[in-house]
Amino acid sequence: MSTQPLDPQTLPDHDNLPDNAYAYCVRLTGPLFMQTGRMIAYYPSGGGTIRFEPLTATSMSSMVASHFSSPLYSRDWVVANGQGHVILGDRGYDINSYDLDDGNLTVRAANLLAFDAGLELKESIIPGFLTLLGTGKFLASSSGPVIFVEPPVRVDPEALVGWADCPAPAQHFDAGWMGHFLGAARGAVLGTRSGEERQYDFTGAGTVLLQSSERMLEDPHVVRRLEGEVRSLGVNQLTHLQGVVNAQLQQHRQ
Amino acid sequence: MAGWRLESPRVLVVDLDGSKGSAVRAATGSMVAYEGDVSFKNAGMGGGGGLRAALKQRVTGESLNLMEVTGRGTVHFAVGAGYVLVLDLAGDVLKAESEGLLALSDSLRTDVTFTGLQGASSGQGLFTTTVTGHGQVALISLGGPPIALRVSPATPLVVDPDSYIGSVGRLQQSFVTDVSWRNLIGESSGEAFSLRFEGDGVVYIQPEER
């Protein structure tokens, strides 16, 4: 019942730790982009050291600029460089490695842990998602094991981890709910929400990745993105927005 | 030592035969079920570690709330659906975070030691609870099974203090406060240091950051 200790000789080079879906070991052979706060331990090898450099102050700035095309997320990522083993964990989420072969895959930003320099990162048109392009490996986490489904499919937004090769989804609203919405007085509060009326609709050929639980992470970028958009609003729109925010705050206080 | 087993990776079961040797001290509130004639008594100040330990705990915040479990029967312990790691101590010294301690044999002694000088915002790893003697001790690992990592003179190890749960062996612990580490830690936590272990021993970590 005691755990056999691991060391750099017995650690996997690129795999989950033995009998542990919640921790993953990567042997560094080149630069690795990592989300901050996901590294739980590392073994520098050969008396050297592993450097974790912020994207804003890295010695590889041109490589970073060409591989990380997202100002919004740049503060939350670092580049790891050096020789040794790095162990990652993510709040008790399952961690899996994926290979991309000249492909494209879009994944929820909070679930993306790391990717190698063979891949390029861009922001998806869907808020809160990031797109990876190229050939290489990346690590993503999920609440429970990942389920792969093929379009056409409609999925719950909270269960969505990502999608590959198919067009970006459209938002779909349940037809019955839409009927009710259109029939009701404009702006009236609807008392008929089942929590499932908003769905993402996938079409075309590809793969959709789902997680088995709808537990959501608080994504600080949603707020940051909204902040960015507020700057482009006029006085009337801002006043309107203030009213909406106040009404929402009132609801939370009750 | 007989009497300790894991019923599932997350539940520790201890058989008590009424002797002094089978008694355990466990984290307050960690009993989830028991059968037989078993009594649970607050171990008092310092978790049974004596007045000196109690004072140190009060000062350092490395508080240890333990209860004495004695009698004849079978007791099930669990905390927060965490995975349980059971270690046999044969005169070794275990250093552990107090909040990660689930249970220990009554024969083991606990104390608080100071492990470093440099500033730490959370206090994680700055003071540590030491467990010494002969017996068994159970630690809790959150977010997944515990990970045991061997440290040797050729293979030093660096860990996130929020994932660290304990260590055994002759290890020198130092704080790494370099700038690059600061950037590696999430914005929400104010951690600005990591723990570096050198020497000979085993370090235990959990997949979740506290």
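Colleague: Is Val230(A) buried, partly exposed or exposed?
Modeller: Val230(A) counts as partly exposed because its relative accessibility is 31%; buried means under 20% relative accessible area, exposed over 50%, and partly exposed in between (1.4 Å probe, protein chains only). This is a predicted model, where local features need pLDDT of at least 70, side-chain atom pairs count only at pLDDT 80 or more, and totals for chains, interfaces and linings use all residues. Residues are numbered from 1 along each chain as its sequence is written, chains are lettered from A and ligands numbered from 1 in the order in which they are written, and side-chain values use heavy atoms, leaving out hydrogens and water.

Colleague: Where is the place of Val230(A)?
Modeller: Val230(A) is in helix H3 (residues 220-230) of chain A; helices are DSSP runs (H or I, at least four residues), as are strands (E, at least two), numbered from the N terminus.

Colleague: Turning to cysteines, how many disulfides are there over all chains?
Modeller: The count is zero, a disulfide being a pair of cysteine sulfur atoms within 2.5 Å.

Colleague: And Cys25(A), buried or exposed?
Modeller: Cys25(A) counts as buried because its relative accessibility is 0%. Cys166(A) counts as buried too, at 6%.

Colleague: What about sheets: in which order do the three strands of the open sheet come?
Modeller: The order is S14-S17-S16 (chain A), with antiparallel pairing; two strands pair if DSSP finds at least two bridges between them. Strand S14 (153-155) and strand S16 (170-173) of chain A are the edge strands, each pairing on one side only.

Colleague: Which residue stands opposite Phe173(A)?
Modeller: That is Arg198(A), in S17(A).
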